[in-house]
Amino acid sequence: MILHLPFFAHAEWRIGSSVDSMTDKQTKMATTTNSTGHRLSIYRSPSGAVYGLFSLPETNAEILDSRLPMYRVDKLEVVDMDSAKSAASIVERSGGGRLFVSKPKWLNFLVYHGEGEPKTGHLRDIMDGKAMIIRYWLLSGGHRETTFDLIGAKQAIAAALSKDDISLSPPIKAAATPSAVSQGTSKTALEVSNIMVKRVKVPGTFFGENIVFRYFFLVENKSKVPFTGQVRIQLINKTTGTNGTAEGTFKCEIVGEGAANSYFDASTGPERFHGEYSIVGYLYEVKVGEDVVAKGKFALTDRFEDTTK
C-alpha cells in the first residue's frame, strides 16, 4: 500500500524565520499550526532566552482577555501565567527573564532562560511531551481550549534554537534487531528517523472503526542548503522482510537546517502485538528527480503510545 500524503500534513512542525524590518535580523523558530488555526512557535530572543509564541487564528474575531492563559503538557503540572504563585514558579524554573508579553491576538511567554542545557523545566517538558493544551480567556467572556500535537517538536525546536547546548536528550532509543541493523549511505545531509509509533482508531471503510498502527517519521536537513525532493519509506517485517509491507511516499520541501515530519498507517504493529510477524524496522530512499541521493535501513524507535484504550 502506498499512501501519497503532503509531507507537512497532520500536526506538522516547521522551521521558519521572521525578519526584523528595522535591523534585518532573522529569528529562527519552530512552528506548528493545529486544525483550528491556532499557532504555537518556539524561538530564541536576542538576549538568549527562549520564548513560546501562542497566536489566535487571524480568521476569527477572538481577542485575548487580560486574564493570561494557562497550559499543560501531557499530565504534568498546570502552568498558570496569571497566577502569582505559578509566575514565581516560572521564574524559578526558567531562571529569570521577562515572563510574558500579551497582545490582543498573541502571547509571548518565557520557557527557558537560555543558559546551559535545558535538562529540566518548561522547554524540556515541551520538547519531550506528546501534547500541549492551552486554555485562554476571551475579552468577550468565557474561555476556550486548543491542543497542539508535540510529535516532532523536539527535533524542530532543537534545530530552530541552533545552539550546541540544546540536545535531544533524553535520546530516542531504537532496539537493535537482526532484521533491522542500522546502516545508511547518503550523498546529501538528509536524515530520516522513526520518532513514534501509535496504535489508533480510524473510521472503517463502510461503518464502525478500525485499529491501525501509525508510524511517524522525521526528515532533518543538516545542510544550510534547502532540500526539495521525494522520500520513500517502507516498513520491515521480522519474518517476511519488506514483502507486502506498508510504505509511504512523500514530496517535501525543507529549508536549510530545517525538519519536517509526517506519518502513514499500517495494519501490522510492533513485536508486543504481532510477535514473529511484527514490524521491526524500516527502509528509506531519498530522491531528487530520478537520482537516489540517500538511503538507509534502521530499527524502529521504542517510543509507543496506545490511544485506543
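This is a predicted model: local features need pLDDT of at least 70, side-chain atom pairs count only at pLDDT 80 or more; totals for chains, interfaces and linings use all residues.
1. Helix α3 gives the lining of the largest cavity its largest share, 3 residues. The cavity itself has a volume of about 60 Å³, and a search of the whole structure returns 2 cavities of 30 Å³ or more. A cavity here is a set of points, on a 1 Å grid over the protein atoms alone, where a 1.4 Å probe fits but cannot get out; lining residues have an atom within 4 Å of a point. Grid points are joined across faces, edges and corners, and a volume is the space filled by probe spheres set on the points. The lining counts 12 residues, of which Ile 151, Gly 152, Gln 155, Ile 195 and Arg 303 are the closest to the centre of the cavity. Both α3 and β13 (190-203) contribute at least two residues to this lining.

2. Residues are numbered from 1 along each chain as its sequence is written, and side-chain values use heavy atoms, with hydrogens and water left out.

3. On the overall composition, the protein contains 4 helices and 20 strands. These are DSSP runs numbered from the N terminus (helices: H or I, at least four residues; strands: E, at least two). The protein has 309 residues, and 48% of them count as buried; buried means under 20% relative accessible area, exposed over 50%, and partly exposed in between, with a 1.4 Å probe and protein chains only. The exposed surface comes to about 15500 Å², with 52% of it supplied by carbon and sulfur atoms; such areas come from the Shrake-Rupley method with a 1.4 Å probe, and for residues only the protein chains shown count as cover. Where contacts (heavy atoms within 4.5 Å) link residues at least 6 apart in sequence, 62% of them join residues at least 24 apart.

4. Because 9 of its 9 residues are buried, α3 is largely enclosed by the rest of the structure. Just after the helix, Ser 162 adopts a positive phi of about 45 degrees.

5. Ala 153, a residue of α3, counts as buried because its relative accessibility is 0%. Leaving aside residues up to four places away in sequence, Ala 153 touches Trp 13 and Ile 126. Its C-alpha atom is separated by 9.9 Å from that of Ala 131, which is 22 residues apart along the chain.

6. The largest nonpolar core comprises 34 residues, and those with the most contacts inside it include Tyr 71, Phe 109, Ile 126 and Ile 157. Such a core is a set of buried Ala, Val, Leu, Ile, Met, Phe, Trp, Tyr and Cys residues joined through side-chain atoms within 4.5 Å. Two or more residues are given to this core by β4 (39-44), β5 (50-55), β6, β9 (106-112), α2 (122-128), β10 and α3 (153-161). The largest share, 7 residues, comes from α3. A second, separate core has 26 residues, among them Val 192, Val 219, Ile 233 and Leu 300.

7. An open sheet of 4 strands runs in the order β7-β6-β10-β11 with antiparallel pairing; its edge strands, β7 (79-80) and β11 (143-149), each pair on one side only. Pairing requires that DSSP find at least two bridges between two strands. Strands β6 (residues 70-73) and β10 (residues 131-137) are joined by 4 bridges, and Tyr 71 stands opposite Ile 134 in β10. In the loop between β6 and β7 lies Asp 74, a residue other than glycine with a positive phi near 50 degrees. Asp 74 is partly exposed, at a relative accessible area of 32%.

8. Strand β17 (residues 259-266) has 8 of its 8 residues buried. Both of its faces are covered, with Asn 261 and Asp 265 among the buried residues on one side and Ser 262 and Phe 264 among those on the other. Strand β14 (residues 209-221) pairs with β17 in the antiparallel sense over 8 bridges, and Ser 262 of β17 is the bridge partner of Phe 217.

Key:
On a 1 Å grid over the protein atoms alone, a cavity is a set of points where a 1.4 Å probe fits but cannot get out, and a pocket is an open set with protein on both sides within 12 Å along at least five of seven lines; lining residues have an atom within 4 Å of a point.
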